[in-house]
Amino acid sequence: MLTFIDYGNSKGGAKGRIWAIDPIDGTKGFLRGGQYAVCLALMVDGDVKVGVLGCPNLPIDDAAPLSGGMESGQTDEGKGCLFSGVLGQGAVSRPLTTGALAASQKISMKAITDIAAATFCESVEAGHSSHGDQAEIAKKLGITNPSVRMDSQAKYASIARGAGDIYLRLPVKATYQEKIWDHAAGDLIVREAGGAVTDIHGKRLDFSIGRTLADNKGVVAAPTGGHAQVLAVVQEVLKIK
Ligand SMILES: Nc1ncnc2c1ncn2[C@@H]1O[C@H](COP(=O)(O)O)[C@@H](OP(=O)(O)O)[C@H]1O
Ligand SMILES: [Mg+2]
């Protein structure tokens with residue numbers, strides 16, 4: 001398996017079929033027994049067509065509320081969830097049960113009726129996403145729910161199934177370029193579940209450039225109906241408009 005993974009030396013780009021894999025995304029979450037994700041995405045000519053996220057430590061139940069400590073939620077049925085999205089065909093979740101493979105069910109983001117009641121997801125690592133900027137954005141939006149911190153693309157999966165509402169990843173270092181394997185599957189699954197995903201400038205994430213999202217900074221993911229409002233406050237706080 002490790003040898004196979006080492007064959008992964010594609011430079012990415014805008015031509016051909018490219019698989020982006022992150023065998024353990026959220027390495028620190030994996031090590032601390034928190035959230036992590038096994039991520040796979042198929043890109044064709046730079047566009048993500050299929051995305052899969054295995055999240056072994058998320059609750060089986062799509063309706064389970066987001067909270068810290070979810071990773072200890074082993075039930076008799078099992079634990080964890082497999083999420084997938086196919087471009088133009090929606091997104092589904094499938095419980096990782098202890099028994100036979102369970103059926104998949106359609107997932108969708110919660111429509112935002114009152115942004116002040118929304119819940120944010122953000123990285124545990126302050127070095128990956130600016131917690132301070134995010135707190136200021138939440139305050140300006142009138143959000144009082146504490147943000148839920150979790151490692152990995154489990155954040156994309158959680159908002160896609162309506163367990164949380166908004167995922168912000170705000171740049172800490174101007175020079176850091178996000179990696180395609182950290183975002184390709186989650187970006188598609190959220191969009192197929194009724195969300196909008198852009199960077200802090202309002203640009204769609206561009207997976208066609210190479211191994212990194214060289215033309216993007218940060219991530220703003222929210223239900224389509226609330227994305228513009230969130231983005232406007234992100235830009236106000238980051239003083240980029
Ligand atoms: N300075 C930085 N800013 C943003 N992301 C970073 C970063 N340094 C590392 N990362 C990426 O953040 C990913 C984890 O994201 P999160 O904080 O959402 O859990 C890491 O994936 P790996 O854990 O696969 O290495 C790594 O690729
Ligand atoms: Mg990763």
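The legends below describe close-up views of a predicted model.

Residues are numbered from 1 along each chain as its sequence is written, while chains are lettered from A and ligands numbered from 1 in the order in which they are written. Because this is a predicted model, local features need pLDDT of at least 70 and side-chain atom pairs count only at pLDDT 80 or more, whereas totals for chains, interfaces and linings use all residues, and side-chain values use heavy atoms, with hydrogens and water left out.

**View 1. An open sheet of 6 strands with antiparallel pairing.**
The strands follow the order β1-β2-β3-β4-β5-β6; here strands (E, at least two residues) and helices (H or I, at least four residues) are DSSP runs numbered from the N terminus, and two strands pair if DSSP finds at least two bridges between them. Strands β1 (17-25) and β6 (105-106) stand at the edges with a single partner strand each, so one side of each has no neighbour in the sheet. Strand β4 (residues 78-86) pairs with strand β5 (residues 90-97) in the antiparallel sense over 7 bridges, and Val 86 stands opposite Gly 90 in β5. Helix α5 (residues 184-192) packs on the sheet, where it touches β2 (37-44), β3 (47-55), β4 and β5, and its direction makes about 100° with that of β3.

Phe 83 is buried, with a relative accessible area of 0%; buried means under 20% relative accessible area, exposed over 50%, and partly exposed in between, with a 1.4 Å probe and protein chains only. Leaving aside neighbours within four places in sequence, the residues in contact with Phe 83 include Leu 53, Cys 55, Leu 58, Val 92, Ile 107, Ala 157 and Ile 189. The C-alpha atoms of Phe 83 and Arg 94 are separated by 6.3 Å, although these residues are 11 residues apart along the chain.

**View 2. The largest nonpolar core, with 40 residues.**
A nonpolar core is a set of buried Ala, Val, Leu, Ile, Met, Phe, Trp, Tyr and Cys residues joined through side-chain atoms within 4.5 Å. The members that touch the most other members are Leu 53, Cys 55, Leu 58, Phe 83, Tyr 156 and Phe 207. At least two residues of this core come from each of β1, β2, β3, β4, α4 (154-160), α5 and β11 (219-223). Apart from this core lies another, of 18 residues, among them Phe 120, Ile 166, Leu 170 and Ile 200. In soluble globular proteins, nonpolar side chains tend to be buried together.

**View 3. The site of the magnesium ion (ligand 2).**
The protein donors are Asp 22 (OD), Asp 25 (OD) and Asp 182 (OD), lying 1.9 to 2.2 Å from the ion. Donors are N, O and S atoms within 2.8 Å of the metal (3.2 Å for Na, K and Ca), and water is not among the atoms, so sites may look incomplete. In sequence the donor residues are spaced D-x2-D-x156-D, and the pair of Asp 25 in strand β1 and Asp 182 in the loop between β9 and α5 links distant parts of the chain, 157 residues apart. Asp 25 is buried, with a relative accessible area of 8%, and Asp 182 is buried too, with a relative accessible area of 14%.

**View 4. A second open sheet, of 5 strands with mixed pairing.**
The order of the strands is β8-β7-β9-β11-β10, and β8 and β10 (195-198) stand at the edges, each with a single partner strand, so one side of each is left without a neighbour in the sheet. Strands β9 and β11 run antiparallel and are joined by 3 bridges, with Ala 221 in β11 as the bridge partner of Tyr 167. By contrast, β7 and β9 run parallel, joined by 2 bridges, and Phe 120 stands opposite Ile 166 in β9. Ile 166 and Leu 168 point one way from β9, while Tyr 167 and Arg 169 point the other way, and all are buried.

**View 5. Helix α3 (residues 131-140) and its buried residues.**
His 131, Gln 134, Ile 137 and Ala 138 are buried in this helix. Seen down the axis of α3, the buried residues fall within an arc of 120°, so they line one face of the helix; the arc is that of the directions from the helix axis to the C-beta atoms. Helix α3 lies across β7, β8 and β9, running at about 175° to β7.

Definitions and conventions:
Contact means heavy atoms within 4.5 Å. Axes are lines fitted to C-alpha atoms, for helices over the stretch in contact, and angles run from 0 to 180 degrees between N-to-C directions.
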